[in-house]
Amino acid sequence: MIVVVVAAALGLLLVLRGGEDLSLKQVQVGFESPACTLTAAAGSSLSVALSKAPSGAVLCLSGGTYRGERVPAEATDKTAYVTVQPLFGEAAVFAGELAFDGARYLRLRGLTLRGGLRFSPVASHVQLLDNDVSGVGGIFLFGDSGEGGSIESVLIEGNLIHDIDYTGPQQVYSGYGIKSIGSQRRITVRGNTIRSVAADYLQTDEANNWTVDGNIFLGPSLARGHPREHQDLWQVYAGGRGLEFTNNVARGTGTSQSLLFQMSYPGNRFADVVVTNNLFDHDSRGYSCQIYQSAGLVFRGNTIAGSRFGCLFRHDDRFPEGSGYEVDHNVFAEAATGADVGLEGGVRGWGRFDYNVSSDRSAVGRNSVRRWRPGWEDRVDYRALGLSFPAGYQPTPVGLR
């Protein structure tokens with residue numbers, strides 16, 4: 001049992017904890033942790049604490065190590081966000097996997113997660129903010145429609161996801177930075193740094209209403225320790241509608257492919273895909289992008305520099321043709337093998353390709369520049385020099401994204 005007493009005259013928040021070797025603690029309001037309405041002692045059960053937290057509460061964790069656990073739906077089914085965060089200046093470390101069975105209106109902020117984070121078979125209105133994630137697996141979202149579940153309205157922002165690796169047989173999300181499968185929609189991945197993973201940095205099956213914006217993806221890849229691993233930056237393997245990949249930087253990731261937007265099963269479709277203002281800096285041992293046909297594609301203002309095969313717009317004749325393509329103001333340069341940019345049969349007729357730049361003869365469009373001799377303002381942001389029109393990636397201040 002947790003009892004909270006606010007002593008306004010003393011400016012103290014008194015928290016009595018019982019049942020788990022919890023003792024009286026005083027938290028000075030406005031100093032140690034001004035937002036806290038509940039606190040929990042190191043090593044205590046997160047499930048128990050959350051079950052006692054009313055909607056809208058801020059649950060602060062004392063510094064120390066917490067075990068992983070499975071948190072049942074009844075502990076986190078709220079009507080307003082419950083925030084879980086460390087006490088000010090302290091580190092709350094979860095050594096094992098945190099698995100949430102039915103989280104609703106849950107915010108995890110500033111935690112250290114070393115055993116993976118799983119949400120299934122249903123979750124909605126979940127925010128994962130400013131956490132440090134490493135270990136065997138990263139973040140896993142599984143909307144299990146077989147159990148009537150779905151994942152929706154998830155924000156993953158400001159996290160450091162790094163050094164995700166595994167030994168032995170690969171489990172469902174071992175090695176993945178972020179993996180989401182099943183019924184899932186309205187997912188935003190923004191402003192994170194994802195570094196050194198063994199499997200895909202991001203993977204989804206069907207991705208509906210996904211926004212991936214302002215992230216930094218870094219190597220070195222850890223896939224080399226797993227000879228059978230096919231690692232991608234973001235693999236979408238079953239189509240989707242309303243995908244946005246914007247303002248991201250992928251640098252030296254060493255993936256098998258970077259963007260791999262493909263279809264695998266009858267009935268898969270892509271529609272309303274936006275890929276704008278991204279930098280791919282020597283990112284892949286394969287293609288920086290393979291994008292299969294879509295009903296609506298905006299691919300604009302990207303710089304692809306120094307991957308092995310450049311960028312390829314695909315035509316898979318098992319699926320309907322694409323339409324409404326706008327591919328312009330991109331810089332494709334310095335592919336190590338083959339063309340900087342490629343269009344498979346028929347793709348050029350799906351829309352407008354113009355004002356692009358390539359360092360070989362592969363850019364198409366009346367106003368495109370071919371055989372451009374690469375000149376960069378620097379090899380950090382890769383601003384292209386010597387062009388008569390703006391093209392390629394432009395760094396975007398965070399506040400303007």
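**Salt bridges, cis prolines and an arginine patch**

Asp163 and Arg195 form a salt bridge, with their closest N and O atoms 3.5 Å apart. Asp163 sits in strand 18, residues 160-164, and Arg195 in strand 21, residues 193-197, so this pair ties together parts that are 32 residues apart in sequence. Asp163 is partly exposed, at 37% relative accessibility. Arg195 is partly exposed too, with a relative accessible area of 28%. Salt bridges also build a network here: Arg300, Glu326, Asp328 and Arg352 are joined through shared partners.

A reminder before I go on: this is a predicted model.

How many salt bridges does the structure hold? The count is 18. Let me take two more of them.

One is Arg104 with Asp77, where the closest N and O atoms are 3.3 Å apart. Arg104 is in strand 11, residues 104-109, and Asp77 is in strand 8, so the pair ties together parts 27 residues apart in sequence. Arg104 has a relative accessible area of 33%, which makes it partly exposed. Asp77 counts as partly exposed as well, at 47%.

The other is Glu152 with Arg186, at 2.7 Å between the closest N and O atoms. This pair links distant parts of the chain: Glu152 belongs to strand 17, residues 151-157, and Arg186 to strand 20, residues 184-190, 34 residues apart. Is Glu152 buried or exposed? Glu152 is buried, with a relative accessible area of 17%. Arg186 is partly exposed, at 37%.

Back to strand 8, which covers residues 77-86 and also holds Thr83. Thr83 is buried, with a relative accessible area of 4%. The Thr83 side chain makes a polar contact of 2.7 Å with the side chain of Arg107.

Next, backbone geometry. Where are the cis peptide bonds? One joins Ser120 and Pro121, with omega at about -15 degrees. Pro121 is in the loop between strand 13 (117-119) and strand 14 (123-129). Another joins Gly219 and Pro220, with omega at about 5 degrees. Pro220 is in the loop between strand 24 (216-218) and strand 25 (232-236).

Now positive phi. Asn247 is not a glycine, yet its phi is positive, about 60 degrees. Look for Asn247 in the loop between strand 26 (240-246) and strand 27 (249-251). Asn247 is buried, with a relative accessible area of 14%.

Arg371 also has a positive phi, about 55 degrees, and is not a glycine. Arg371 lies in the segment after strand 39 (357-358). Arg371 is exposed, at 60% relative accessibility. Which residues form the positive surface patch? Arg348, Arg361, Arg370 and Arg371.

Strand 39 itself contains Ser358. Ser358 counts as buried, at 0% relative accessibility. From Ser358 to Leu297 is 61 residues in sequence and 20 Å in space, C-alpha to C-alpha.

Last, Arg318. Find Arg318 in the loop between strand 34 (311-313) and strand 35 (323-328). Arg318 is exposed, at 56% relative accessibility. A polar contact of 2.6 Å joins the Arg318 side chain to the side chain of Asp316. Ile181 is 137 residues from Arg318 along the chain, and their C-alpha atoms are separated by 23 Å.

Note on methods: Residues are numbered from 1 along each chain as its sequence is written. This is a predicted model: local features need pLDDT of at least 70, side-chain atom pairs count only at pLDDT 80 or more; totals for chains, interfaces and linings use all residues. Side-chain values use heavy atoms; hydrogens and water are left out. Patches are made of residues with over 30% relative accessible area and no salt bridge: like charges are joined within 9 Å, nonpolar side chains (Val, Leu, Ile, Met, Phe, Trp, Tyr) within 5 Å. Accessible areas come from the Shrake-Rupley method with a 1.4 Å probe; for residues, only the protein chains shown count as cover. A salt bridge is a side-chain nitrogen of Lys or Arg within 4 Å of a carboxyl oxygen of Asp or Glu. Lys and Arg count as positive and Asp and Glu as negative; His and the chain ends are not counted. The place of a charge is taken as NZ of Lys, CZ of Arg, CG of Asp or CD of Glu. Helices (H or I, at least four residues) and strands (E, at least two) are DSSP runs, numbered from the N terminus. Buried means under 20% relative accessible area, exposed over 50%, partly exposed in between (1.4 Å probe, protein chains only). A polar contact is a pair of N or O atoms within 3.5 Å; within protein, one must be able to donate a hydrogen and the other to accept it, and residues adjacent in sequence count only if both atoms are side-chain atoms.
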